[in-house]
Amino acid sequence: MDILLWHKLLEPYELAVQELVLKFQHMKKEFQDRGLYCPIEHVSGRVKTVNSILDKMKKKGIPMDQMEELIEDIAGVRITCQFVEDIEKVAQLIEERSDIEVQYEKDYVKHMKESGYRSYHLIIFYTVQTLEGPKKIQMEIQIRTLAMDFWATVEHSLQYKYKTNIPEHIRQRLSNAADAIIALDNEMSSVRNEIMDAQLSSQLQHRMVADILTAIENLYRITSRREVEKIQEEFYRIYALNDMDELKRFHTELDQIAEGYRAQSVTAGL
């Protein structure tokens, strides 16, 4: 298979990764726009290089004509979460989607690999549209915590360096680090509710401030500059207090003020 054909073969996989990354990022935005806690922290994707595909085929004895059938992770999407509890929620969201067909799962969170690797894998089918028509792509979705991802990234780099023959003293340190990652995830879970509340409060404040600034800008079009400057100064004063209740009160009052000015503007135009 020459380079041109390899490129043609991998193009649908690249499209599948791009589409799914975009869809999961949009899912995260939907949660945030609705003021809900989002179990997705970060999304990334990749298509294996030709070199990596050939190495895997050689290692597993996979013939060329069965490559797409037997290599499940030519294309991969990785979703990282803050908490272990979020992994199950993300998996559920994926399984409920009509555009993704889940074949099976590999739960390395409950059943950690001997190396210390922990992650939750879904092997899926996803259909992309190409010039030749629809193509059903087999790919892998990995779901893990930020801590798990850090460990896996380091372990992968060492595997690449030592070609799976990692020295025993490094293996032991990786095993110790894996135990530390489990402890870290457990500690984060113990304060999960407090962290979620803080994050949701921060998101609410950001949205409220954005709404207030938009309202102030709109007032410039329908009332005097002096009046708007007074309102803006009041906003800066309240914002400096760092008091959410006061900010909510101002937000509500500003909506009422803006509605009053809009009504006056309409009446004046009659």
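## A salt-bridge network

Arg46, Lys48, Lys56 and Asp73 are linked in a network of salt bridges. A salt bridge here is a side-chain nitrogen of Lys or Arg within 4 Å of a carboxyl oxygen of Asp or Glu. Across the whole structure, a search finds 19 salt bridges.

## About the model

This is a predicted model, in which local features need pLDDT of at least 70 and side-chain atom pairs count only at pLDDT 80 or more, while totals for chains, interfaces and linings use all residues. Residues are numbered from 1 along each chain as its sequence is written, and side-chain values use heavy atoms, with hydrogens and water left out.

## The sheet

An open sheet is formed by 5 strands, in the order β1-β2-β5-β4-β3, with mixed pairing. Strands β1 (42-47) and β3 (101-107) lie at the edges, and each pairs on one side only. From one strand to the next, the twist averages 25°. Strands (E, at least two residues) and helices (H or I, at least four) are DSSP runs, numbered from the N terminus. Two strands pair if DSSP finds at least two bridges between them.

Strands β4 (residues 120-130) and β5 (residues 133-145) run antiparallel and are joined by 11 bridges. In this pairing, glutamine 129 stands opposite proline 134 in β5. Helix α5 (residues 146-162) packs on the sheet and touches β2 (75-81) and β5. Contact means heavy atoms within 4.5 Å. The direction of α5 makes about 100° with that of β5. Axes are lines fitted to C-alpha atoms, for helices over the stretch in contact, and angles run from 0 to 180 degrees between N-to-C directions.

Glutamate 229 forms a salt bridge with arginine 225, and their closest N and O atoms are 3.0 Å apart. The two are 4 residues apart in helix α8 (residues 225-241), so about one helical turn separates them. Arginine 225 is exposed, at 57%. Glutamate 229 is partly exposed, at 32%.

Arginine 34 forms a salt bridge with glutamate 30, with closest N and O atoms 3.7 Å apart. Arginine 34 is exposed, at 63%, whereas glutamate 30 is partly exposed, at 35%. Aspartate 99 pairs in a salt bridge with arginine 97, the closest N and O atoms being 2.9 Å apart. Aspartate 99 is partly exposed at 26%, and arginine 97 is partly exposed at 23%.

Conventions: Buried means under 20% relative accessible area, exposed over 50%, partly exposed in between (1.4 Å probe, protein chains only).
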